[in-house]
Amino acid sequence: MTIKTFEELKETCIKNNTEIWQTAQLQEAQIHDITVEEFRARVNKTLSAMKEAIKNGMESSVLTNGKMGGFDCAKQKEYYKNNPCIYGKLYEKILCYSLATSEENARMGRIAACPTAGACGIVPSVIISMGEIYNIDNEKLINSLIIAGITGQIISFKVKPSGATAGCQAECGSASAMAAAAMAYLFDCDTDKILNSSALALKNILGLTCDPVRGFVEVPCIKRNPFMALHAASAVEMAKAGIVSVIPIDDIVDAMEQTGALMSSDLKESSRAGLAKTKTAIVMEKACFTKKYYSALKE
Amino acid sequence: MNEASILDIISPVMVGPSSSHTAGAVRLGLIARNIHGENIKKVKIILYNSYAQTGEGHGTDKGLIAGLLGYKPDSTIIKDIFNSQDMVSLEYRFEFRENFAKHPNAVDFIFEDDNPMTISAQSIGGGEIKVCKINEFDVSLDGKFNSILIVMGDKLGAIAKITSIIQKYGANIATLNCDRKTRGQNASLVISLDNEISADAIEEIKKEISPHLIRYVKKLEY
Ligand code: SF4
């Protein structure tokens, strides 16, 4: 039986005296009818793709497809050259890596959707930054990605990770909860604190809409990735201090489902409201259509 | 279908920016290639609605072509596909249309080569796809299994004959879907297999029931 709630996940871990990643990898091996090693090899493939996307993104300043971004990671890097980040190296890395990955996505680079392409910078930036700063070995990073995975999976049983279904809370919000779980684990938090980190992160983004300008995964998506990654870090800081979410994570997922259902479809990936219909966005939209019409005439 | 897995959450590894408009487009191209056959010389591609409007910025056009050429959704060549060597032997053109009776992310592949054929399909989200029409025949195919696709007159006992041939060739039927609007009309049959089946089996079915259309469509690996 697949674990469907965080409560079940916790109980299973207590019953079998396992950590979350162990519980998760056993279950996955069963689902796919493969060995635990084979499963971990697949997770490692994703992890490698994430590292590569960061590397590529950190070196590029090529415009994105929609031409609304692609230069911000380079700017941030340049700034840090002379102005070391006052919040520390971890903050700096998370910020740059998440920007790098989502810009890479928007310029048609190779990324791992996690849980979606629009939210692809959040989980990797946290895991890879932690790995680099604290010299964590690859096996432990794989464990953390497995933990992020089962967190996203359990959320997805109630709320599909798609802006069209439930708004951006379901994409970047879920990713933030996933990243928080991974990061808490990498800080050696116990099961309760890991779940609590996810809860705090998820609770704080309920209601986030999806209103991408011109329908591209660029504005607000690219800059939202670093925000959501650092949002995860704040949740972990609080959880480490023993701060507890009054509403437990399973309830928060229920609330997210309900909030998504009540959200107008105009704010769910249709670009019919919000940022997508601001004065500036409309001007940009018109300029592009004219250009497209023009090039069609030329053919 | 498999139960939702952690691997679905932390992947696919793909070329951005959008699972439906980019990865989905590559998979649409790939399945069209699996249905038509690899030897593609000339094709017209019609993009509808959202695919037509925002497709260019999402690399939908590049994705579709890359798929037709057999590239996977994570091939880094997709970005530069129009400049690649493979393009030399492929004649193609795009048309953009609005038709709200169609799915927001709908596409028609019109092959105009030795094997003329029209395939209508759509990208239904998260990179998942659906083929809904081949020539004038309604079908339903998602690329998750190796499948035998058959459009035939509504002949008595045909299904029994087909399944016995499949069994004879040692293939396992996972699901069998038959779609027929009214009695006596054409029926379209999609038989999903757990394993592979030889070309001989397809030939034998062809001889036995002389269908309007029969295709063995390999599943999409990605
Ligand atoms: S705003 Fe919409 S398209 Fe952008 S990342 Fe969020 S859910 Fe995805």
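1. Contacts in chain B. In this predicted model, residues 24 or more positions apart account for 68% of the contacts in chain B with a separation of 6 or more; a contact means heavy atoms within 4.5 Å. Residues are numbered from 1 along each chain as its sequence is written, while chains are lettered from A and ligands numbered from 1 in the order in which they are written. Because the model is predicted, local features need pLDDT of at least 70 and side-chain atom pairs count only at pLDDT 80 or more, whereas totals for chains, interfaces and linings use all residues; side-chain values use heavy atoms, with hydrogens and water left out.

2. Fold and dimensions of chain B. Chain B has 6 helices and 11 strands, where helices (H or I, at least four residues) and strands (E, at least two) are DSSP runs numbered from the N terminus. The radius of gyration of chain B is 18 Å, close to the 17 Å that the globule rule gives for 222 residues, so chain B is as compact as a globular protein of that length. That radius is taken over C-alpha atoms, and the rule is 2.2 Å times the number of residues to the power 0.38. Along its principal axes, the C-alpha trace of chain B spans about 50 × 40 × 35 Å.

3. Surface of chain B. Of the 222 residues of chain B, 51% count as buried; buried means under 20% relative accessible area, exposed over 50%, and partly exposed in between (1.4 Å probe, protein chains only). The accessible surface of chain B comes to about 10,100 Å², of which 46% belongs to carbon and sulfur atoms. Accessible areas come from the Shrake-Rupley method with a 1.4 Å probe, and for residues only the protein chains shown count as cover.

4. Salt bridges in chain B. Over all chains, a search of the whole structure finds 25 salt bridges, each being a side-chain nitrogen of Lys or Arg within 4 Å of a carboxyl oxygen of Asp or Glu. One of them joins B:Asp114 and B:Lys41 (3.6 Å, N to O). This pair links distant parts of the chain, 73 residues apart: B:Asp114 is in the loop between β4 (106-111) and β5 (117-125), and B:Lys41 in the loop between α2 (19-36) and β2 (42-48). B:Asp114 is exposed at 67% relative accessible area, while B:Lys41 is partly exposed at 38%. B:Glu91 forms a salt bridge with B:Lys42, the closest N and O atoms being 3.7 Å apart. B:Glu91 lies in strand β3 (residues 91-97) and B:Lys42 in strand β2, so the pair ties together parts that are 49 residues apart in sequence.

5. A salt bridge within a helix of chain A. The closest N and O atoms of A:Glu92 and A:Lys89 are 3.2 Å apart, in a salt bridge. The two residues are 3 apart in helix α5 (residues 89-106) of chain A, and are thus separated by about one helical turn. A:Glu92 counts as buried at 15% relative accessibility, whereas A:Lys89 is partly exposed at 48%.

6. The ligand shell. Around the ligand are A:Gly118, A:Gly163, A:Cys168, A:Glu171, A:Cys172, A:Cys210, A:Cys221 and A:Arg224, a residue being near when one of its heavy atoms lies within 4 Å. The shell divides into 4 nonpolar, 2 polar and 2 charged residues. Ala, Val, Leu, Ile, Met, Phe, Trp, Tyr, Cys and Pro count as nonpolar, Asp, Glu, Lys and Arg as charged, and the others, Gly among them, as polar.
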